[in-house]
Amino acid sequence: MVFVSQYDSVRRPASWLVLASLLAALLASLLGGCKTEASRSTGSTNVERGAAPANGEVDLAADDGQWVRPAKDLASTRFSGLTEINTTNVKNLRVIATFSTGTLRGHEAAPIVVGNTMYIITPYPNYVYALDLTKPGLPTKWMYNPKPELASQGVACCDVVNRGLVYDNGKLFFNTLDDHTIALDAATGKEVWNTKVGDINMGETITMAPLVAKGKVLVGDSGGEMGVRGWLKALDATTGTVVWTAYHTGPDKDVLIGPDFKPFYAKDKGKDLGVSSWPPDGWKIGGGTMWGWISYDSTSGMIFYGSANPGPWNPDQRPGDNKWTSTLFARKIDDGQAVWAYQLTQHDLHDYDGINEQILADLTINGAKRAVLIRPDRNGYVYVVDRKTGEVISANPYGFINSTTGVDLKTGALQYNPEKATTLGKVVREICPAAPGMKDWQPSAYSPKLGLLFIPHQNLCMDEEGLSANYIAGTPYVGMNVKMYPGPGGNRGVFQAWNPVTGKEVWSIKEDLPVWSGTVVTAGDVAFYGTMDGWFKAVDARTGNILWQFKTGSGIIGQPITYKGPDGHQYVAVLSGIGGWSGAIVAGGLDARDSSAALGFVNAMKDLPSKTTKGGMLYVFAL
């Protein structure tokens, strides 16, 4: 088992980076002709928006011209009401600006736009840039270098990525790989507060984008493959003080399960299940981290998110349901107390950890309007869940599954296929989906206009063999030999439109490589996504017809956004830069002959080095 362990070791000074970005822009201009064409924002046409309003969350949420958090809104729809770019004219999109990030690892973040400024964050070493949207070429307003500990790279599973930063009330919030949550003054880049929330010596890192709501900054840890104990913390947005911590394993008092806890299913009821569903002391090193997405319902004051896989992967070492790993939680944002929980994948056999996004929507189901969350899970099912009670309304497969046979809606239990159960010392072949699941972290988008969900995902299967794992703090604690390969049909990726009411696919596009990017959909009925060989594509959201595509300099695993520039026109932006778990063979320079490298992902991606090269670059498009 080989972890991604070869990382950039050179810390570059800020002056070098600025110079590098300028040189890169000049080079792109010389080689690409119009790639650094002046912005269309000229004096006579500018719409002067100035600085963002002080109470950013409320005022900016309704403004489709801006994009203040990776998921666009607190419901995580990634839907924009902008219509200037539509299915008729999207074919005319062209590059109007590029910007080199000066880093070479996987770029999974979304740019954000506040007022006349775009902000981007890079993978380790987590540089933050503020770019001026009012001037040609998007010159840098300021740059911030948090100088994270070098050693954090050595304990990061699956590349040293960062999934984005967030704006709220005049400040930017983000996490660094070495477990710091930082608030910056958005206007100046000056540090407002810096709170250390984890310990890399225990294997903890942070790769998620925080969620900021109701004056709290919500962050969780990564490191399920290091035997860490997962948690979610709420920090005061003004001071950085930790307000509450909810663990995902252990006794109820640690999990913040109290009198108000009312799970829907009997399997999730009982005292201290976070202890009794584990072997003795297993919960202390049992994973259940939180490195994905959180949604917030301001009406109920509740947050919704999923916890990650149990550790180690070898299930023989942790008999029991292993609560509360791979679990969907509903909590009160004020004090973190759990309102309900639903364990999606009990006693996870295949690393189907549950950190994926949950999209909040009101759907009419069987003639009744219901407040739901829609969740395309890693285990391969699209769940529609009543967000007041935790009842699973439907759970339908959105790709080929043979590791399980369905979800029992009466009990809520995932039904395992015993023929695909992994165990110590036995090789089990053709398990579908593979360990990254039907879909990993890459977020979906939902169009309330069309009533459709747009899901970027993979089509991979695997062979698995359980191995004995020994726990040593801060070192890999996996216990599984894995080899992945393409699923049925031979394509490794899919971009898909899904009807969450009928529980059926509307259309899909087969991609050669896993679709590891996020997506965005607009009121112009255009959906955007990227491919790992560098194509950025626009699709008719109603039909799935590809309307436009552009080849970027590296593979795309970032999250596209769309916004309105200072000139009042609509723009689309995305970060290009291969890496992440799926792209580790390129970003980490791994040997294609080692089929178990990157936890078995390299075997499925042997040809990726011939299709793209590494290098982080922002691309901005307009008509």
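Me: What makes the set of 55 residues a nonpolar core, and which residues have the most contacts inside it?

Reply: This is a predicted model, in which local features need pLDDT of at least 70 and side-chain atom pairs count only at pLDDT 80 or more, while totals for chains, interfaces and linings use all residues. Residues are numbered from 1 along each chain as its sequence is written, and side-chain values use heavy atoms, with hydrogens and water left out. A nonpolar core is a set of buried Ala, Val, Leu, Ile, Met, Phe, Trp, Tyr and Cys residues joined through side-chain atoms within 4.5 Å, where buried means under 20% relative accessible area, as against exposed over 50% and partly exposed in between (1.4 Å probe, protein chains only). The largest such core has 55 residues, and those with the most contacts inside it are M118, Y119, F528, Y563, L618, V620 and F621. Strand 38 (residues 617-622) gives the most to this core, with six residues.

Me: Which residues is Y563 in contact with, leaving aside its neighbours within four places in sequence?

Reply: Contact means heavy atoms within 4.5 Å, and with those neighbours left aside Y563 is in contact with D64, G65, L82, V113, M118, L133, H569, Q570, Y571, A573 and V620.

Me: Which residues does the second, separate core include?

Reply: That core has 38 residues, among them Y352, M480, W581 and A598.

Me: Why are strand 9 and strand 10 said to pair?

Reply: Two strands pair if DSSP finds at least two bridges between them, and strands themselves are DSSP runs (E, at least two residues), numbered from the N terminus. I182 has N194 in strand 10 as its bridge partner. The two strands form a hairpin with five residues between them, and G189 in the turn has a positive phi of about 80 degrees.

Me: What makes strand 3 and strand 6 edge strands?

Reply: Strands 3-4-5-6, in that order, form an open sheet of four strands with antiparallel pairing. Strand 3 (112-114) and strand 6 (140-144) each pair on one side only, and they are the edge strands. Strand 5 (residues 128-132) is joined to strand 6 by four bridges, with L131 standing opposite T140.
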